[in-house]
Amino acid sequence: MSGDIGGTSGAGGFTVFKDFVPDDAASVTVSLSCTFGNVSPPSATASEGSPAQFSVNVTPGANPICTATESPIPAGYESTGTCSATLLVGQCTIVNTLISAPFDVYKDFIPDSGASVTVSLSCTSGNVSPP
């Protein structure tokens with residue numbers, strides 16, 4: 001959660017969580033910018049098990065809106081790409097969803113036959129299920 005933004009320090013913490021759907025241990029680089037204040041560090045690594053942690057120095061009592069941006073988006077994923085919250089909220093989550101699409105294989109016997117065959121599928125990238 002956020003740190004002390006109303007006290008004499010004028011610093012608040014901001015945490016960016018990462019959610020892969022389905023779960024994945026990969027990490028990404030996240031940068032944080034706020035409508036005002038100084039962010040440190042300017043970018044950090046985030047994964048599902050280890051969120052990115054930032055400190056934002058602002059005038060005591062201030063509550064800027066902070067936006068986290070993931071770059072680059074991992075190959076094979078759709079992403080929210082960004083998330084935003086006020087410094088008082090102190091956290092947000094970027095979600096990456098694995099891109100998947102059905103792939104149907106049809107068999108046509110000439111002449112027609114009721115026989116069945118086993119078919120396998122391989123792609124240049126990604127995972128095929130079932131193979």
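## Val 30 and its neighbours

Let's start with Val 30, which touches Val 16, Pro 42, Ser 43, Ala 44, Ala 46, Phe 54, Ala 68, Thr 69 and Ile 94, leaving aside residues up to four places away in sequence. Keep in mind that this is a predicted model.

## The nonpolar core

Val 30 also turns up in the largest nonpolar core, a set of 22 residues. Along with Phe 14, Val 16, Leu 32, Phe 54, Val 56 and Ala 68, Val 30 touches the most other members of that core. At least two core residues come from each of β1 (11-21), β2 (27-34), β4 (43-47), β5 (52-57), β6 (65-70), β8 (82-86) and β9 (91-98). Strand β2 gives the largest share, with four residues.

In soluble globular proteins, nonpolar side chains tend to be buried together.

## The disulfides

How many disulfides does the model have? The count is two. One joins Cys 34 and Cys 66, with 2.1 Å between the sulfur atoms. The torsion about their S-S bond is about 105°, so this disulfide is right-handed. Since Cys 34 sits in strand β2 and Cys 66 in strand β6, the pair ties together parts that are 32 residues apart in sequence. Cys 34 and Cys 66 are both buried.

Cys 83 and Cys 92 also form a disulfide, their sulfurs sitting 2.1 Å apart. This link is right-handed, with 50° about the S-S bond. Cys 83 is buried at 9% relative accessible area, and Cys 92 is buried at 8%. With the bonded cysteines numbered in sequence order, the pairing reads 1-2, 3-4.

## Cys 123

Is Cys 123 buried or partly exposed? Cys 123 is partly exposed, with a relative accessible area of 45%.

Key: Residues numbered from 1 in each chain as written. Predicted model: local features only at pLDDT ≥ 70, side-chain atom pairs only at ≥ 80, totals over all residues. Heavy atoms only, no water. Core = buried A, V, L, I, M, F, W, Y, C linked by side-chain atoms within 4.5 Å. Buried < 20%, exposed > 50% of the residue type's maximum accessible area, 1.4 Å probe, protein only. Contact = heavy atoms within 4.5 Å. Disulfide = S-S within 2.5 Å.
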